[in-house]
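Open the model in your viewer and have the selection tool ready. We will go from helix to helix.

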Amino acid sequence: MSHSAAAAEDRRQLRVTFAALTFACVLVLFAACLFGSTPIEIDRVLAALLGRGDLGDQLVVVHIRLPRAITAFAVGAALGASGAALQGLLRNPLAEPGVLGVSAVASLGATGVLYYGYAALSAWAMPLAAIGGALMGTALIAFAALRTTSVVTLILIGVGLSSFAGAAMNLMMNLAPNPFSLADMVNWMLGSVANRSFLDLAFAAPFLVAGLGVLFTVRRGLSALTLGEEAASGVGLNLRRQRLLVVLGAGLATGAAVSLAGIIGFIGIVAPHIIRPMVDHDPARSLLPSALLAGLILVLADIGVRLMPTVSELKLGVVAALIGAPAFMWIAMQRRSVHD
């Protein structure tokens with residue numbers, strides 16, 4: 001097969017993958033409006049989405065289930081794209097905001113806002129604090145990546161960062177001034193999209209869109225980095241600018257995701273790992289499919305959370321970790337070699 005024919009086949013496969021993922025995402029988002037503690041028939045959901053039918057159905061579907069489903073999808077998309085971008089930047093398939101401690105530092109920022117009561121002063125306080133923490137965490141990981149080529153070292157730095165952020169959050173929980181602050185902080189640590197509204201989405205959306213926009217703008221540079229930094233620089237890639245923009249984009253997207261849902265781990269590893277073979281291991285082409293698949297997985301997980309017959313609803317972050325942690329260990333064991 002000629003080079004042009006192979007390229008055309010790759011583009012066709014990418015379009016098919018994108019179309020299939022898009023259809024699946026729409027289907028799952030609609031399913032999220034159907035299922036809950038009380039299932040609603042398809043015709044009643046359609047009527048509610050069109051602004052017709054029973055007012056009770058409209059309240060449940062449009063104001064409770066739909067924003068919750070869209071929030072889960074947006075959070076998953078942000079983490080999936082950020083994970084794919086960080087893996088391309090660090091050339092490490094285990095890189096992901098949660099594993100590298102970025103999500104924990106972002107959650108620490110949000111928890112600090114809750115602890116000191118700033119969240120009640122402004123609706124912007126939570127997303128700004130979470131994004132600031134995510135940017136600091138991502139910048140630290142990027143700086144460490146410049147100093148070492150060891151995968152193990154990066155993972156250990158991420159573990160240390162997560163441990164420090166977790167210890168700081170535990171300290172604030174221990175010193176919580178009242179039970180309500182403690183409950184809010186626990187929710188951020190466990191991760192949840194319950195009771196999210198379109199207003200919550202509106203506050204986080206500018207940062208989320210900006211972060212994803214930056215990542216998609218610089219995605220071509222991630223393909224060049226697969227050749228190695230010297231070769232990428234030789235073909236005209238500005239390495240410093242590339243690192244800065246990927247850090248900025250991942251930090252904005254991850255911070256927005258944490259401001260909406262708290263800590264949701266491992267999704268940013270699993271989705272890109274599934275997508276990578278479908279796009280010939282090209283990080284630039286993996287960004288959009290990874291975002292769609294991660295959003296799809298998180299919406300499915302949230303539907304499962306709502307349908308589980310438990311006394312109290314499980315937290316989405318807990319379920320995501322139960323699914324993602326074994327997948328992370330399997331991916332780590334599949335690596336043929338680790339260069340220290």
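Buried means under 20% relative accessible area, exposed over 50%, and partly exposed in between (1.4 Å probe, protein chains only). Helices (H or I, at least four residues) are DSSP runs, numbered from the N terminus. This is a predicted model, where local features need pLDDT of at least 70, side-chain atom pairs count only at pLDDT 80 or more, and totals for chains, interfaces and linings use all residues. Residues are numbered from 1 along each chain as its sequence is written, and side-chain values use heavy atoms, without hydrogens and water.

**Stop one: helix 4**

Select residues 102–116. Helix 4 spans 22 Å from first C-alpha to last, close to the expected 21 Å (1.5 Å times one less than its number of residues). How many of its 15 residues are buried? The count is 12. Among them are Val-102, Ser-103, Leu-108 and Gly-112.

**Stop two: helix 12**

Select residues 267–275. Here seven of nine residues are buried, including Ile-267, Pro-272 and Ile-275.

**Stop three: helices 3 and 11**

Select residues 55–90 and 239–261. The axes (lines fitted to C-alpha atoms over the stretch in contact, with angles from 0 to 180 degrees between N-to-C directions) come within 9 Å and cross at roughly 155 degrees. That makes helix 3 roughly antiparallel to helix 11 (an angle over 145 degrees). Show the contact (heavy atoms within 4.5 Å): helix 3 brings residues including Thr-71 and Leu-79, and helix 11 brings residues including Arg-243 and Ala-250.

Notes: Helices (H or I, at least four residues) and strands (E, at least two) are DSSP runs, numbered from the N terminus. Angles under 35 degrees count as roughly parallel, over 145 as roughly antiparallel, 65 to 115 as roughly perpendicular and the rest as oblique.
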